[in-house]
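Here is a friendly note to read alongside the model. Keep the picture open as you go through the numbered points.

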Amino acid sequence: MLNFTHEKITDQVIRITDPLGVFMYLVIGDEKAALIDTGYGFGDLKGYVESLTDKPLTVILTHGHLDHANGCAPFKEVYMSALDLPVYEKHSSQEFLKPLKENAGFKDLPYPQVRKEFKDLKDKQLFDLGNYQLEAISVPGHTPGMTMILFKKDRMMLFGDGCGPGTILLEDWSSKVKDYKQSLINLKQYDGQYDRIIRNHGTGESKLELLKNVTELCDLILEGKDDHELVDVSHMIETDKYKSYNAKKKDKNGNRADGKEGNIT
């Protein structure tokens, strides 16, 4: 049996961990609830969420990658940026998921259902759950429709895969570094509206200087002054068209060797 777990991180926000270790966030307002991201799609996420709340539920997807969107099909109302529809189409395909299923020991499990229709998630779109508001913030880079979420009441920002210890700009639809830098500059307008950064991977938390650190890395890359550490990403991406690099060298634990948080591959 595939197990989900959860922990309460504020009075109204629950962090759910899927069977492969990726985080999702359930926000319970006075009138409605919202689930942000849906993991890989293995296991009964819908049943698990319904055990935590019986309020009308909206699902918001930060982007279309398999580890964030593939569990969305069973839910009634799902928002995702239309810009990420091609991403979801590829990442939800059986061809793409087959290696993951086999490597994770899920060979005998059915493939996750594929969703056909989404509501388009817009930049600055507000979701009022009753005494709790969420704001969707477009931060293209990792994917064209990459979206961060501001938890207004708790003054938290879900950076997700949009900016993190190992921001990935690898796929053909990822932004160029100069365009990604502009996305991060645009995000600066929300300074002062959040005191806590939460994420979908690793520790689930980051310090506030993360945004500054990653923006500085963009400058180093563009100026040709980054560490340019050659890295093998064949386990992450299906292309041999390019060489891939970490902007900052990593230590044996996968963290930046200089001790700072924030990297770009």
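This is a predicted model: local features need pLDDT of at least 70, side-chain atom pairs count only at pLDDT 80 or more; totals for chains, interfaces and linings use all residues.

**Notes on salt bridges, a sheet and a helix**

1. Let us begin with Lys181, which is partly exposed, with a relative accessible area of 22%. Residues are numbered from 1 along each chain as its sequence is written, and side-chain values use heavy atoms, with hydrogens and water left out.

2. Which side chain does Lys181 meet in a salt bridge? The partner is Asp219, at 2.6 Å from N to O. A salt bridge here is a side-chain nitrogen of Lys or Arg within 4 Å of a carboxyl oxygen of Asp or Glu. This pair links distant parts of the chain, since Asp219 sits in helix H6 (residues 210-222) and Lys181 in helix H5, 38 residues apart. Helices (H or I, at least four residues) and strands (E, at least two) are DSSP runs, numbered from the N terminus. Asp219 is also partly exposed, at 25% relative accessibility.

3. Now look at Arg155, in the loop between strand E10 (147-151) and strand E11 (156-158). Its phi is near 55°, a positive value in a residue other than glycine. The side chain of Arg155 forms a salt bridge with that of Asp195 (2.5 Å, N to O). Asp195 lies in the loop between helix H5 (177-187) and strand E12 (196-198), so the pair ties together parts that are 40 residues apart in sequence. Both ends are partly exposed: Arg155 has 31% relative accessibility, and Asp195 has 48%.

4. How many salt bridges does a search of the whole structure find? The total is 16. One of the other pairs is Asp191 with Lys188, at 2.8 Å from N to O. Asp191 is partly exposed at 40%, and so is Lys188 at 45%. Elsewhere, Glu7, Arg15, Arg196 and Glu205 are linked in a network of salt bridges.

5. Next, find the open sheet of 7 strands, ordered E1-E2-E3-E4-E5-E6-E7 with mixed pairing. Strand E1 (5-8) and strand E7 (119-120) are its edges, each pairing on one side only. Two strands count as paired if DSSP finds at least two bridges between them. Within the sheet, strand E3 (residues 23-28) and strand E4 (residues 33-36) are antiparallel partners over 4 bridges. Tyr25 stands opposite Ile36 in E4.

6. Is Asp37 buried or exposed? Asp37 is buried, with a relative accessible area of 0%. Like Arg155, Asp37 is a residue other than glycine with a positive phi, here near 75°.

7. Finally, turn to helix H4 (residues 94-103), where Phe96, Leu97 and Lys101 are buried. They cover an arc of only 125° around the axis (taken from the directions from the helix axis to the C-beta atoms), which puts them on the same side of H4. The buried residues of H4 pack against helix H2 (66-69) and helix H3 (85-91), where contact means heavy atoms within 4.5 Å. The face turned away from that buried side carries the exposed residues Glu95 and Asn103. After H4 comes Gly105, whose positive phi is near 80°.

Technical notes. Buried means under 20% relative accessible area, exposed over 50%, partly exposed in between (1.4 Å probe, protein chains only).
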